[in-house]
Amino acid sequence: MTVGSDVRMSGIKIGTVASQELNSNTYSANLALFIRADVRLPDDTSAKVAAEGLLGGNYIALTAGGSETMLADGDEISYTQGTVDLLSLVGQALFNPQNNATDSQ
C-alpha cells in the first residue's frame with residue numbers, strides 16, 4: 001500500500017490513501033484516508049486491502065455496514081482485514097504434496 005493508492009467502494013474510487021505509518025507497539029498499519037465529502041460511511045464500515053490482480057497494485061476496499069450512525073472526520077474504521085498473498089496461495093496449491101499424490105493415482 002502506498003500514499004495515493006485508491007480507496008474504493010463497490011469498485012468505484014471514492015478516495016485515496018493520505019498517509020501511512022507502522023504502529024511500533026502493535027505492529028499494525030495505520031492509514032489515513034481521504035474520502036470524498038459526498039460519501040457518508042456508516043460507523044460499522046469495514047476496510048480491507050485488495051489486489052488489482054496477480055501483478056497489479058493494491059487498494060483499500062470499503063464495505064458499508066448497516067448502522068444509522070455515520071463516521072465523522074477523524075473517526076476510525078474498526079473492522080479491518082489485511083491482504084491475501086495470492087502468489088503464496090497459488091504456490092501452495094501447485095506444490096502441495098497431498099495434491100500431487102492424488103493426481104498420480
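**Close-up views of a predicted model**

**View 1. Aspartate 6 and its place in the sheet.** Aspartate 6 stands opposite threonine 16 in β2. The model is predicted: local features need pLDDT of at least 70, side-chain atom pairs count only at pLDDT 80 or more, and totals for chains, interfaces and linings use all residues. Residues are numbered from 1 along each chain as its sequence is written, and side-chain values use heavy atoms, with hydrogens and water left out. Aspartate 6 lies in strand β1. Strands (E, at least two residues) are DSSP runs, numbered from the N terminus. Beyond its neighbours within four places in sequence, aspartate 6 is in contact (heavy atoms within 4.5 Å) with Lys13, Gly15, Tyr59 and Ile60.

**View 2. Strand β1 between its partners.** β1 and β2 pair in the antiparallel sense over four bridges; two strands pair if DSSP finds at least two bridges between them. These two strands form a hairpin with two residues between them. Serine 10, in the turn, has a positive phi of about 55°. With β5, β1 pairs in the parallel sense over three bridges. Arginine 8 stands opposite alanine 61 in β5. Both faces of β1 are covered: Asp6 and Arg8 on one side, Val7 and Met9 on the other, are all buried. Buried means under 20% relative accessible area, exposed over 50%, and partly exposed in between (1.4 Å probe, protein chains only).

View 3. Six strands form an open sheet in the order β3-β2-β1-β5-β4-β6, with mixed pairing. β3 (29-35) and β6 (79-81) stand at the edges, each with a single partner strand, so one side of each has no neighbour in the sheet. Neighbouring strands are turned by 30° against each other on average, direction ignored. Axes here are lines fitted to C-alpha atoms, and angles run from 0 to 180 degrees between N-to-C directions. β2 and β3 pair in the antiparallel sense over seven bridges. Glutamate 21 has asparagine 30 in β3 as its bridge partner.

**View 4. Salt bridges at arginine 8.** The structure holds four salt bridges, each a side-chain nitrogen of Lys or Arg within 4 Å of a carboxyl oxygen of Asp or Glu. One of them joins aspartate 6 to arginine 8, with the closest N and O atoms 3.1 Å apart. Both residues, aspartate 6 and arginine 8, are buried. Arginine 8 has a relative accessible area of 16%. Glutamate 52 also forms a salt bridge with arginine 8, at 2.5 Å between the closest N and O atoms. Glutamate 52 lies in the loop between β4 (46-51) and β5 and arginine 8 in strand β1, so the pair ties together parts that are 44 residues apart in sequence. Glutamate 52 is partly exposed, at 45%.

**View 5. Arginine 36 with aspartate 38.** This salt bridge has its closest N and O atoms 2.9 Å apart. Arginine 36 is partly exposed, with a relative accessible area of 35%. Aspartate 38 is exposed, at 57%. Elsewhere, salt bridges that share partners join Asp6, Arg8, Lys13 and Glu52 into one network.

**View 6. The largest nonpolar core.** Ten residues make up this core: Val7, Met9, Ile14, Val17, Val39, Leu41, Ala47, Ile60, Leu62 and Ile77. β1 (6-9), β2 (12-22) and β5 (58-63) are the elements that give two or more residues to the core. A nonpolar core is a set of buried Ala, Val, Leu, Ile, Met, Phe, Trp, Tyr and Cys residues joined through side-chain atoms within 4.5 Å. Beyond its neighbours within four places in sequence, isoleucine 77 is in contact with Leu33, Thr45, Ser46, Ala47, Leu62 and Leu71.
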